[in-house]
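Please read it alongside the sequence and the model.

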There are 2 protein chains.
Amino acid sequence: MHSDPAAFKPSNLEPGFRARLEDRFGAQLQTGEAIRAQHGASETHFETMLPDAVVFARSVEDVIDAVNLCREAKVPVTPYGAGTSIEGNATPIHGGVSLDLSEMNRILAVNSEDFDCVVEPGVRREQLNEHLRDQGLFFPIDPGANATIGGMTSTRASGTNAVRYGTMREAVLGLKVVTPDGRVIRTSRRARKSAAGYDLTRLFVGSEGTLGIVVEVTLRLHPIPEQISAAVCGFDSLKGAVDTVVQSIQLGIPLARVEILDAMQMRACNKWSKLDYPELTTLFFEFHGSPLQVGEQVEMVKMLSAENGSGEFAWSNLPEERSKLWKARHEAYYAAVNLRSGAIGWATDVCVPISRLAECIEETHADLAKSAIPATILGHVGDGNFHVVFSIDPNAPEEMVEVEAINARLVERALAMDGTCTGEHGIGIGKQDWLVEELGDAVDLMRAIKRALDPENLFNPGKIFQL
Amino acid sequence: MHSDPAAFKPSNLEPGFRARLEDRFGAQLQTGEAIRAQHGASETHFETMLPDAVVFARSVEDVIDAVNLCREAKVPVTPYGAGTSIEGNATPIHGGVSLDLSEMNRILAVNSEDFDCVVEPGVRREQLNEHLRDQGLFFPIDPGANATIGGMTSTRASGTNAVRYGTMREAVLGLKVVTPDGRVIRTSRRARKSAAGYDLTRLFVGSEGTLGIVVEVTLRLHPIPEQISAAVCGFDSLKGAVDTVVQSIQLGIPLARVEILDAMQMRACNKWSKLDYPELTTLFFEFHGSPLQVGEQVEMVKMLSAENGSGEFAWSNLPEERSKLWKARHEAYYAAVNLRSGAIGWATDVCVPISRLAECIEETHADLAKSAIPATILGHVGDGNFHVVFSIDPNAPEEMVEVEAINARLVERALAMDGTCTGEHGIGIGKQDWLVEELGDAVDLMRAIKRALDPENLFNPGKIFQL
């Protein structure tokens, strides 16, 4: 057992329950403060809230037994992957057991002829792509962080490739899930499509561990493109950049990635990554296909960019050159947070119909201009999804209050444009009021489903909505 | 009121309830036998089961009022669109009200810059595509029949374009739904992606009207490709045809359509459509893209086909030529049913991982060879989804028994290959036992959701599963 000499919040496990957990899990049970604090912390600005214990699951049987023991003792269970979620999604706000699935990290099968694979929930996306490379396949969903597949499933993650390859909604073919009553169910067979009853797969994708613990994921894969090209291009105006993307899609150009970074973000990137890009609204592109197709795509997008007021259109097919071109984008989050040294980051997330994107970003810029807190905008422009990253002084509590107000106005703005309060980070703790504003009575249906599947409210309680 | 002189099953509405329906709906309420029989019939082999009344809804308010009146009287409500479903999905097996949504057929908005549109549930897919054509957009889901968008949503329809454009699962961006308690909810905003809570959109897609009545659908659209080419090619072997498709996908060739027709189906097509294709396993292709891209795709697929034992590879860019090439495919179902004159059709549907497709079709051929009943195989080979179409003598009841047994063996075969009992037709009445075999305890979760959202079991009761 991990020792627990100086816990500022002692583990509050009922002794009989603790003994049963120890009997079953031995060293897989940890109650020391450091480990509990790690599992209670958030990547962003949320308060740390400690679980009473952490159980490291190594098998489906471990998950079943942990769930059964917790249910018998009426103790909450919150699944935990890499801890990279943004809205406090895995923070155990009602204590109980943090069920760490990171050691369930085996790739169980790769069915290359079927373009799918079966993995345990603790597999990281980079690990999966390294494993797949030799077979000419890749898993496209890239939220930035090296998250676990289980965590990405539970938050319906997406990221830079979504414009072409979709989100976890499209990427997950099927799930094995442990339900609150301790049963293991499989939501789907391995066929590529099915009309067999309610779409339980999609119900669990994005349910943030509130309905079941994901213990196995079948993922859709894609062939590695024969050629990949990258391009970077600055624009006179935000509208010019957005119009370039809309027109590209209208022409049927299958953009694999298209990211927008605003002038402030480019300034942050130049400083952080030691680059000298023009400090303009900038698009980062990636093109996938045969050499012929990619060449044609690059030419067409270059032409559209010029028509919409772009500067130099820098592009390359070579892996090292591509990485150099995209370096700014890859390091953008850290660059933004480090606009001030010692700052903490807050990355918010909205998504609007693409016809409203330029307007939404412009109004947000006007709002940000009224504040002295450094903030940048970057986003997945093909989806209408963007983030504001704030660089907050941890010793100035009034800054947190100010950012909360800016964030509220941003979400209201997105909702007024028929957008969503979260394109890819999930609801977690942070967006619950907005969910109700966004979907109204539909949230009652979610509550009814939660009550039906988890009648004792023990699976990640207090997340997404209040019951 | 429609008169009802000779009903073989009289409408059995409680008089007070009938009076309330008449007061509210006037001539929109119909209880005559002919109209009830039409709404109780199935496209295929299922017994006709009459509703007690048909209500023709013209607005969301009509749907709400019909639902509220039915709930107060504890009368079942079954939504009805074009009546083209295959598994008895819209047959009102417990009587009550058939709620006909076909007159709610307005296209409410086309947001061309956002590549989406908003339609009422009674809009037909051909009507929608005619409306969209001038704006350079199209709605790709094509199940064959000119179904309603509401019906296609409810059965999670797909069809020939799914290999490239997905199914109704991917095509539906959001829904407006009337719930069993008479509320109108919206499952999603119009943003292209969202991580806002449970994916209610995907829960309603494929729920066959058992959880809510779809009254508005927001659909994802695509730009009409600059060039479309079609190709047709016969193969020495089934395996050669399937391998051509797998290798095409491995090379990243974005096939827009790829259909397989077996030798018997080609014989039926030659006879029915007066063609002279070789009576071999045949692939029908469609390619979408720029002229350069399409040209490259055609060349690559032609080469792969030749390597896998194809005969002549006939292709064309010209609309009339394309239609001629695809004529056999477009008329395939009628050609198959009419292998015998006066026959009735039964089209079954399974989907397996594509690596098992050739084997699954070969074993099915061996099974069909033991029967004297004419039967063909055709399918959406890129998805691993195929149909057997039987041409059944309506005066030989033993043929129905024999087809039932062949169908049972087919579904068992697909399930043993980790496939599904239905790729696109839904469960309806016909596949309920197989659903339980396919997903086991997961069906209990579906039941729990049904009970939570429709506690009195009034929405299309008796479909998908038994409660």
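## Domains of chain A

Domain bounds here come from an automatic or database domain assignment, which for chain A gives domain 1 (15–100), domain 2 (107–223), domain 3 (227–427) and domain 4 (431–467). The C-alpha centres of domain 2 of chain A and domain 3 of chain A lie 27 Å apart.

## Basis of the values

This is a predicted model, in which local features need pLDDT of at least 70 and side-chain atom pairs count only at pLDDT 80 or more, while totals for chains, interfaces and linings use all residues. Residues are numbered from 1 along each chain as its sequence is written, chains are lettered from A and ligands numbered from 1 in the order of writing, and side-chain values use heavy atoms, with hydrogens and water left out.

## Domain 2 against domain 3 in chain A

Contact, meaning heavy atoms within 4.5 Å, takes in 14 residues from domain 2 of chain A and 16 residues from domain 3 of chain A. The buried area, that is, the accessible area (1.4 Å probe) that two parts lose on being put together, summed over both, is about 1,100 Å² for this pair of domains, with carbon and sulfur atoms giving 44%. On the side of domain 2 of chain A, the residues that lose the most area to domain 3 are T160(A), V163(A) and R164(A), together 49% of what that side buries.

Between these two domains there is 1 salt bridge, a term that requires a side-chain nitrogen of Lys or Arg within 4 Å of a carboxyl oxygen of Asp or Glu. D142(A) forms a salt bridge with R257(A), where the closest N and O atoms are 2.8 Å apart.

## Chain B against chain A

The contact between the chains draws 83 residues from chain B and 83 residues from chain A. Together the two chains bury about 7,300 Å², 58% of it on carbon and sulfur atoms; within the area that chain B buries against chain A, R189(B), K193(B) and Y198(B) supply 14%, more than any other three residues.

Chain B and chain A are joined by 14 salt bridges. K193(B) also forms a salt bridge with E424(A), the closest N and O atoms being 3.2 Å apart.
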